[in-house]
Every structure is written in C-alpha cells, then in structure tokens.
Amino acid sequence: MAKSPSKPLLADEKPLRSRARKPRDPSQPRLPFDPMPDRVESCLALLKPRPPVGPDWLYELKWDGYRIAVHLNNGHVRILTRGGHDWTHRFPGIEDAAKRLGVGTAILDGEAVVLDEEGRPHFGMLQNSLGGRGGKLPAGNAVMYAFDLLYFDGHDIRSLDLMARRYFLQSLSQNEQGAIRLSEAIDGDGRDIFTAACEHGLEGIIAKFRDAPYRSGRFGEWVKVKCTLSDSFIVVGYEHSTVARSGIGSLLLAARKGGDWVYVGSVGTGFNERSAEYLRKTLDRIKRKTPPVKYEGRRKNLVWVQPTLIAEIEYRAWTHDGKLRHASYKGLREVQDNAAVYEIGV
C-alpha cells in the first residue's frame with residue numbers, strides 16, 4: 001500500500017507545504033500586457049466517489065465556504081462570487097489583504113471561509129458572519145484560501161499548466177495568519193490523503209491534474225471527493241412543532257427534475273436557536289396555501305412556502321424511494337453564489 005501522508009492536514013501542527021521554489025526573477029524580459037478580464041467563469045470540479053491516484057495529480061483540501069475571485073487592479077479590489085456578484089463590501093479583511101499582495105494586477109481564485117476553534121472551515125459560521133441569507137453584514141473574520149492564479153502582473157496565465165500557475169501564486173501568498181492564505185498542495189497517495197481528511201472532520205479533497213490549463217466549466221481536470229455528501233436543495237415548507245426550536249420540526253426539501261420540483265424528504269437536525277428563529281421568520285413571509293410539489297406523506301401541521309430558499313444539506317445516502325438519508329442542515333445558500341439546486345436525472 002502507498003505510504004500515508006507524513007504530516008497532519010490541519011493547524012495543530014505545521015501543515016504540509018508544497019516544495020519551495022525560487023522567487024520570480026525581476027530582470028526577466030517584459031512581455032506585452034494582456035487585457036485584464038472583467039470576470040472569469042470558474043473551473044469546476046467533477047464529483048467522483050474515489051480520488052484519482054498517480055504522479056500526474058496534485059491534492060488539496062476541499063474548503064467549505066463561498067467560491068470567490070479576487071480582482072486586484074493597481075490598488076482597486078473587486079471580490080466576485082461564482083455568479084459574478086460583487087461582494088467586496090462583505091469581505092473587508094480579504095479586500096485589505098489583497099491590497100498588500102505586492103503586485104499591481106492579479107486575479108486569484110479561491111474560497112472564502114470562516115474557521116472554527118479547531119481551524120476547520122464551518123459553513124454555518126460563515127453564514128452567521130454575513131448576517132444570514134440576504135444579510136448585509138461584513139464577514140471580518142472570513143479568510144480566503146487561494147488555490148489558483150489566473151492573471152498576474154499584466155499577463156493572462158490561464159493557458160499555463162497548474163504547476164506554473166501555482167509557482168506565481170506562491171510568490172503572492174501571505175503568512176498563515178493573514179486573510180489571504182495559500183491552499184497547500186499535499187504530496188502522497190490520494191486515497192490516504194482522502195482518508196486523513198475525513199478523519200479530521202473535513203469535507204473532502206480536490207484532485208487536480210498537474211499539467212492542465214485553467215478552463216472555465218467542468219471538464220474533469222479537477223475532481224472532488226467528499227467525505228459526506230452535501231448538496232443544495234430548495235425549501236418547499238416546514239413541519240410545525242410545539243416543542244422544537246422556534247416551532248420548526250423539520251424543513252421539507254425538493255430537487256429539480258426537468259422543469260418541476262420533486263419532494264426528496266425532510267431535514268430536522270443541524271439547527272441552532274439562532275438559525276431556527278431566522279428560518280421561521282423568513283419562511284412565514286413566503287407562505288402559500290398549496291404545496292409546490294407533489295406530496296403523498298401523512299404528516300400533519302405542514303406549512304408550505306414559495307420555493308425560493310436554497311438550503312445546503314449534508315446527507316449520507318439516498319433511500320430506494322428517492323429520499324435523503326440521515327440529512328443535516330448546514331445553512332442557506334445565496335442566489336448570488338450561483339448555488340445550483342440538486343438536479344435529478346430524467
């Protein structure tokens with residue numbers, strides 16, 4: 001069996017780092033500048049049940065937050081979500097850190113997260129920092145883990161291979177305590193790295209083909225492997241309870257199938273007092289008399305709502321009749337994050 005990673009993945013000890021590289025030579029020839037893109041569609045990872053293995057693959061942790069791109073243009077910073085919305089005002093710490101990167105122009109691709117006391121990303125804490133879905137609060141405690149560099153010092157470098165792009169990205173990375181941090185590459189067997197990530201309570205890993213250019217879309221050069229399944233579902237109602245927090249016994253969920261919504265079960269765990277109270281107030285503003293999905297269950301005290309809220313749900317598997325098994329609520333997704341509701345194949 002391949003040798004396991006020799007160092008832990010998280011913060012209790014110094015994390016495993018990529019191999020050191022020499023700094024960029026400032027005397028190298030100056031090439032003509034490339035126009036700086038206003039926006040770049042994200043390269044997306046393809047979900048697989050097992051990680052690819054071999055020397056052609058590089059491994060990173062999968063960060064549980066919001067995908068963002070940081071655009072730096074001679075002191076002016078824009079932080080864009082995957083859907084292209086400007087969230088600069090919501091991440092002031094990341095904005096300030098970007099201004100101190102020591103380069104005139106750059107586009108960094110990464111994930112905005114909030115870390116818990118053990119240094120692990122926590123999606124619910126990030127949502128709370130932002131003020132919940134539709135909130136306007138700045139998440140001053142958010143940090144960005146940068147894992148790619150698309151534009152650097154006047155040059156579009158998306159056509160370079162991943163290792164070349166990481167070479168330049170490393171030259172920009174700040175210290176481990178800064179608001180912009182390097183998403184470290186981990187050497188080793190992908191299967192062992194995945195196992196270690198799950199043992200640390202992380203969401204999973206990303207495997208990336210070392211020689212691939214940066215391509216917008218989902219082509220398989222990036223592969224994600226999750227320790228537990230996590231997807232976005234539309235909230236279609238809730239079960240009222242006289243004993244549960246804020247009266248919400250469970251949320252009723254649906255997935256997309258063609259042009260329709262299909263009921264996929266409910267989730268009754270993962271709420272705290274604050275999130276349950278927020279959900280109750282929000283859901284009661286969008287009540288409707290008839291269900292937006294076909295529902296054949298026998299439960300009473302159901303309150304139906306307009307299908308507008310997107311919830312991130314962690315679950316273990318699907319039942320034989322197409323329902324979520326062992327589901328747990330993680331938080332609400334933002335439309336601006338371009339959150340894609342789970343789609344059932346026809």
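Reader: How many salt bridges does the structure hold?
Author: This is a predicted model. Its salt bridges include the pair Asp109 and Arg67, and also Asp156 with Arg158. The structure's total is 21.

Reader: Which residue forms a salt bridge with Asp109, and how far apart are the closest N and O atoms?
Author: Asp109 lies in strand E5, residues 105-113. Its salt-bridge partner is Arg67, which lies in strand E3. The closest N and O atoms of Asp109 and Arg67 are apart by 2.8 Å.

Reader: How many residues apart in sequence are the parts that Asp109 and Arg67 tie together?
Author: Asp109 and Arg67 form a salt bridge. Asp109 belongs to strand E5 and Arg67 to strand E3, so the pair ties together parts that are apart in sequence by 42 residues.

Reader: Is Arg67 buried or exposed?
Author: The cut-off for buried is under 20% relative accessible area. Arg67 has 13% relative accessibility, so Arg67 counts as buried. For Arg67, the answer is buried.

Reader: What is the N to O distance in the salt bridge of Asp156 and Arg158?
Author: Asp156 counts as partly exposed, at 24% relative accessibility. Arg158 is partly exposed as well, at 24%. Their side chains meet in a salt bridge, with an N to O distance of 2.6 Å.

Reader: Where Asp189 forms a salt bridge with Arg191, which class of accessibility does Arg191 count as?
Author: In this salt bridge, the closest N and O atoms are 2.7 Å apart. Asp189 has 10% relative accessibility and counts as buried. Arg191 has 47%. Exposed needs over 50% and buried needs under 20%, with partly exposed in between, so Arg191 counts as partly exposed.

Reader: Which residues are linked with Lys62 in a network of salt bridges?
Author: Some salt bridges join two residues, such as Asp189 and Arg191. Lys62 belongs to a network of them. The residues linked with Lys62 are Asp64, Glu203 and Lys330.

Reader: How many aromatic pairs does a search of the whole structure find?
Author: The search covers the whole structure. The number of aromatic pairs found is 17.

Reader: What is the geometry of the aromatic pair of Tyr66 and Phe123?
Author: The ring centres of Tyr66 and Phe123 are 5.8 Å apart. The angle between their planes is 80 degrees. Planes over 60 degrees apart count as edge-to-face, so the pair is edge-to-face.

Reader: Which parts of the structure does the pair of Tyr66 and Phe123 tie together?
Author: The pair ties together parts that are 57 residues apart in sequence. Tyr66 is buried, with a relative accessible area of 0%. Phe123 counts as buried at 2%. Tyr66 lies in one part and Phe123 in the other, so the parts tied together are strand E3 (residues 66-73) and helix H2 (residues 123-130).

Reader: Which residues form one aromatic cluster with Tyr66?
Author: Phe123 forms an aromatic pair with Tyr66. Phe123 is also in the cluster. The residues that form one aromatic cluster with Tyr66 are Trp87, Phe91 and Phe123.

Reader: Which ring does the charged end of Lys208 sit over?
Author: The charged end of Arg215 sits over the ring of Phe219, 4.0 Å from its centre. The charged end of Lys208 is 3.9 Å from the centre of its ring. That ring belongs to Trp222.

Reader: How many residues of strand E11 are buried?
Author: Strand E11 spans residues 229-240 and is mostly covered. Ser232 is found in this strand and counts as buried at 7% relative accessibility. Of the twelve residues in E11, the number buried is nine.

Reader: In which sense do E11 and strand E16 pair?
Author: E11 and E16 (residues 310-315) pair over six bridges. Leu229 stands opposite Tyr315 in E16. The sense of the pairing is antiparallel.

Reader: What is the bridge partner of His240 in E12?
Author: Six bridges join E11 to strand E12 (residues 248-257), and these strands run antiparallel. In E12, the partner of His240 is Ile248.

Reader: How many bridges join E11 to strand E15?
Author: E15 covers residues 302-305 and runs antiparallel to E11. Glu239 has Leu302 in E15 as its bridge partner. The number of bridges joining E11 to E15 is three.

Conventions. Residues are numbered from 1 along each chain as its sequence is written. This is a predicted model: local features need pLDDT of at least 70, side-chain atom pairs count only at pLDDT 80 or more; totals for chains, interfaces and linings use all residues. Side-chain values use heavy atoms; hydrogens and water are left out. Buried means under 20% relative accessible area, exposed over 50%, partly exposed in between (1.4 Å probe, protein chains only). Helices (H or I, at least four residues) and strands (E, at least two) are DSSP runs, numbered from the N terminus. Two strands pair if DSSP finds at least two bridges between them. Rings of Phe, Tyr and Trp (its six-membered ring) pair if their centres lie within 6.5 Å; planes under 30 degrees apart count as stacked, over 60 as edge-to-face and the rest as tilted. A charge sits over a ring if NZ of Lys or CZ of Arg is within 6 Å of the ring centre and within 35 degrees of the ring normal. A salt bridge is a side-chain nitrogen of Lys or Arg within 4 Å of a carboxyl oxygen of Asp or Glu.
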